[in-house]
Amino acid sequence: MSKVKKKSSGTGTIALNKRAKFDYFVDQKFEAGLVLSGWEVKSLREGKAQLVDAFVIIHQNEAWLVGARITPLLSASTHVVCEPMRQRKLLLNRKELDKIIQVTEQKGKTCAAMALYWKGNKIKCEVALVTGKKDHDKRDTERDRDWSRDKERLMKHNT
């Protein structure tokens, strides 16, 4: 009797929005489900996603992911017309959605997509309420990052 290993649907992070951490102060994070079609899930299994300019808009009390690119696989999407940059609906509960609506109406606040990742066999999107950074804040962040890197190097060489 042979044992058949079940193929996992994927592990960990699919895509990160590294630019968002540089451009914004992250205030609060939420986990949202995504409404996807079949070819999109197959592409995400292969890691074909980008969240560089992705953000969340609220339209008719629903959250939508805009600007996320999921590149279609040639083999998986032969019979379907694929739109890599289409708007995708985010699945949030009412309390989270109300909180996002309330905070994004304030000046200087927005909602950005931070990451796409697997949770079991589901694909989740981490969205965050963020505040924009000024240029001097970005320089401070870069300076702190450089200093922590140099500090690690010094500690490593001294021990």
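## The loop between strand 4 and strand 5

Gln60 sits in the loop between strand 4 (55-59) and strand 5, where strands are DSSP runs of E with at least two residues, helices are runs of H or I with at least four, and both are numbered from the N terminus. This is a predicted model, in which local features need pLDDT of at least 70 and side-chain atom pairs count only at pLDDT 80 or more, while totals for chains, interfaces and linings use all residues. Residues are numbered from 1 along each chain as its sequence is written, and side-chain values use heavy atoms, with hydrogens and water left out.

Gln60 is not a glycine, yet its phi is positive, at about 55 degrees. Asn61 lies in the loop between strand 4 and strand 5 and has a positive phi of about 60 degrees, although Asn61 is not a glycine. Gln60 counts as exposed, at 68% relative accessibility, and Asn61 as partly exposed, at 46%. Here buried means under 20% relative accessible area, exposed means over 50%, and partly exposed is in between, using a 1.4 Å probe and protein chains only.

Glu96 belongs to helix 3 and is partly exposed, at 21% relative accessibility. Not counting residues up to four places away in sequence, Glu96 touches Phe30 and Glu31; contact means heavy atoms within 4.5 Å. Between Glu96 and Gln60 there are 15 Å in space, C-alpha to C-alpha, and the two are 36 residues apart in sequence.

Lys48 is placed in the loop between helix 2 and strand 3 (49-50). Its relative accessible area of 39% makes Lys48 partly exposed. Leaving aside neighbours within four places in sequence, Lys48 is in contact with Ser43, Arg69, Ile70, Thr71 and Leu73. Lys48 and Ala15 are 33 residues apart in sequence, and their C-alpha atoms are 8.3 Å apart in space.

## The nonpolar cores

In soluble globular proteins, nonpolar side chains tend to be buried together. A nonpolar core is a set of buried Ala, Val, Leu, Ile, Met, Phe, Trp, Tyr and Cys residues joined through side-chain atoms within 4.5 Å. The largest one has 29 residues, and Leu65, Leu90, Leu116 and Cys125 touch the most other members. At least two residues of this core come from each of strand 1 (13-16), strand 2, helix 2, strand 5 (62-66), helix 3 (94-104), strand 8 (109-119) and strand 9. A second, separate core has five residues, including Ala20, Met114, Ala128 and Val130.

Not counting residues up to four places away in sequence, Leu116 touches Thr13, Ile14, Ala15, Leu34, Leu44, Ala49, Leu51, Lys124 and Cys125.

## Cysteines

The structure holds zero disulfides, a disulfide being a pair of cysteine sulfur atoms within 2.5 Å. For Cys82, the closest cysteine sulfur is in Cys125, 20 Å away, so the distance is too far for a bond. The sulfur of Cys111 also has its closest cysteine sulfur in Cys125, and 8.6 Å is too far for a bond. Cys111 is buried, with a relative accessible area of 1%.

## The largest pocket

Twelve residues line the largest pocket, and Leu34, Leu36, Asn121, Lys122 and Ile123 lie nearest its centre. Strand 2 (24-34), helix 2 (38-45) and strand 9 (122-132) are the elements that give two or more residues to this lining. Strand 9 gives the most, with three residues. A pocket is found on a 1 Å grid over the protein atoms alone, as an open set of points with protein on both sides within 12 Å along at least five of seven lines; lining residues have an atom within 4 Å of a point.

The volume of the largest pocket is about 170 Å³, a volume being the space filled by probe spheres set on the points, which are joined across faces, edges and corners.

Definitions and conventions
On a 1 Å grid over the protein atoms alone, a cavity is a set of points where a 1.4 Å probe fits but cannot get out, and a pocket is an open set with protein on both sides within 12 Å along at least five of seven lines; lining residues have an atom within 4 Å of a point.
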